[in-house]
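Here are a few exercises to work through with the model open beside you. Try each task before reading its solution.

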Amino acid sequence: MTALLEVEHLTKHFAARRGDGVVHAVDDISFAIAPGETLALVGESGCGKSTTGRLVLALLAPTAGAIRFDGADIAGRSPRALHDLRRRAQIVFQDPYASFDPRRRVGDSVVEPLVAQGRRAEAHARRDELFTMVGLDPAAAHRYPHEFSGGQRQRLAIARALSVQPDLVVLDEPVSALDVSIQAQVLNLLADLRKELGLAFLFISHDLAVVRHVADHVAVMHLGELVETAPAVDLYANPRHPYTRALLSAVPDPDPAVERARRRIVLEGELPSPLDPPSGCRFRTRCWQAVDRCTTEVPPLRDLASGHAVACHLA
Amino acid sequence: MKEAVLDVVDLGVVWQHRRGEVAILDGVSLSIAAGETVALVGESGAGKSMFALAVMGLLPDGMRVARGTIALDGDELVGATPPAIRAKRGGQMSMIFQDPSSSLHPAFRVGDQIAETLRTHGTCATKADARARAVELLRLVGIPQPDARVRDYPHQLSGGMRQRVMIAMAIANDPQLLIADEATTALDVTVQAQVLDVLRGAQQRTGAALLLVTHDLGVVAGIADRVVVLYAGRVVEEGTVAEVLAAPSHPYTLGLMRAVPRLTAIGTGGVLPAISGQPPNPGAWPSGCVFHPRCELADERCEVEAPVLTPFGSGDRRAVACHHPVTETS
């Protein structure tokens, strides 16, 4: 099957605000998403996962590397190519408060992508359907964002992303700002929509418990690089990179018996600065298994078995 | 039972606005003994942060304590004069907030900010003493090279390190009561675990009573002794963490436990058992049991008659406010 989205050797460097330093936000990462598939990109804050999401949608220009959507390279970014991309790929952001114009009726905001695509007539016709699709009353279309709760606003953001019938939706921490009871509702909604519409998701999250629930494939990102990618079932059953193991061991469980028996891997030190990443393996300064080789030699991401790849000399 | 450090009885907080009053907390009682950790759990708008602010005497403009008592080590805080409360705040009681970058002054070195609280409460008589003690405190909360870091400004530290500074400042005067309001929510999981360790260590060293305000049941399961579940300004369930989280008796607590995505769940994907509807806003609390519109077990009685928090089961101070408490979990 051909991939819907193919990312190869993608790199994004930003110039540091002061001096002539370079922020290594994303460094030489490759992954692919098949139609209808959910790939989760996980990692701590500052690891480059949101930057990757923006690169994929051509909201940022890459420093190097290729991004192919349905076989066509979007790196050229001709207006025509971008217009087509916007119809087929959309995004939902973490903060539903910040992603709506407070002075516009939500009904207008939800169909705005259609209007931007020059499909105004369709916009009017589809509005009610979009509201119903995400579990909101179409009569609420004339209201303003402040009249909705966080969970409802995230439903609106999802409706807006779906208005143009995309094939891929980038979900950037879509449930992180929501309460537990609402988070479950939105995750269920996303699962239903995905099944119904055959959507592919790039699901960006720091929460491995949430990711376990939604992802087919997981890519673990650390300081701009992918350190492990695997089918979700494999990754959770058999994490191979020490960083993945540490992340998984840090997730608390609400069952007190489970939680108090949990054996945690405590990482020493802090995430190094992306301005000056460590030589060799970028995780070595926090790794309890690091050997001399990790300082001098960059571990390549190599396939261990059936799609489970890891970037570690010791795995 | 040990004497309570914090003893709050029947606390009612209201928000006064142009068109009248809105209840924010409705009859919340909670006590914490020395060395004990109590978690106050609830979703946005349940009133958990307002409870913490009421105890600290820091309620925002327009909010006030309408009824009830708040005793800190036997001293009544409701109706106490502002100077009297100020003398306790940062000394006998202190609080750590969610966002350390907005709680620290950006233009002062962290060491000086810690030293200030030491000097204000008379713990250190001289500047030199206070400086030395600040270094010691930074070492206690696990900040590497504390004698160098003490001269850093907040922006030079990471989020996790800033939260450690906040903890250092909060325990500087050996408070009897330590309140942490979503203190680890903004941190990455790996850092969250470290900061919780520091918090627990600080509490053990000082023997303080710890009130943990959080929405994260995983954090509660890890470090709290008892848990108080708040919904729409009322306590719906309380008891030891082992009892309440292992076998919730209020349908809301049970719903929350089921809705949390977990690493240990069997299989992936599938439907998460969500609670339908959403938490009500203050001012729009339902009649009868505040949870009834979202409850699967609700009947006519729940719509009209508010259940009273009553002892439940054989547990230690286990109580539930429900007409149809769940007695076993599937």
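Predicted model: local features only at pLDDT ≥ 70, side-chain atom pairs only at ≥ 80, totals over all residues.

**Exercise 1.** Work out how compact chain B is for a protein of its length.

*Solution.* Start with the make-up of the chain: chain B holds 12 helices and 12 strands. For the outline, the C-alpha trace spans about 65 × 50 × 40 Å along its principal axes. Then look inside: 48% of the 330 residues of chain B count as buried. Finally, take the contacts in chain B between residues at least 6 apart in sequence: 64% of these join residues at least 24 apart.

**Exercise 2.** In which order do the 4 strands of the open sheet in chain A lie?

*Solution.* Follow the antiparallel pairing across the sheet, and the order reads E2-E1-E4-E5. At the edges are strand E2 (22–33) and strand E5 (72–73) of chain A, each pairing on one side only.

**Exercise 3.** Which element gives the largest share of the side of chain A that touches chain B?

*Solution.* Begin with the count: 38 residues of chain A are in contact with 36 residues of chain B. Elements giving two or more residues to chain A's side include helix H7 (180–197) and helix H10 (242–249) of chain A. The largest share, 8 residues, comes from H7(A). By type, the residues on this side divide into 22 nonpolar, 8 polar and 8 charged.

Key:
Residues numbered from 1 in each chain as written. Chains lettered and ligands numbered in written order. Rg over C-alpha atoms; globule rule 2.2 N^0.38 Å. Buried ≥ 20, exposed ≤ 12 C-beta atoms within 10 Å, placed from the backbone. Contact = placed C-beta atoms within 7 Å. Pairing = 2+ DSSP bridges. Nonpolar A, V, L, I, M, F, W, Y, C, P; charged D, E, K, R; others polar.
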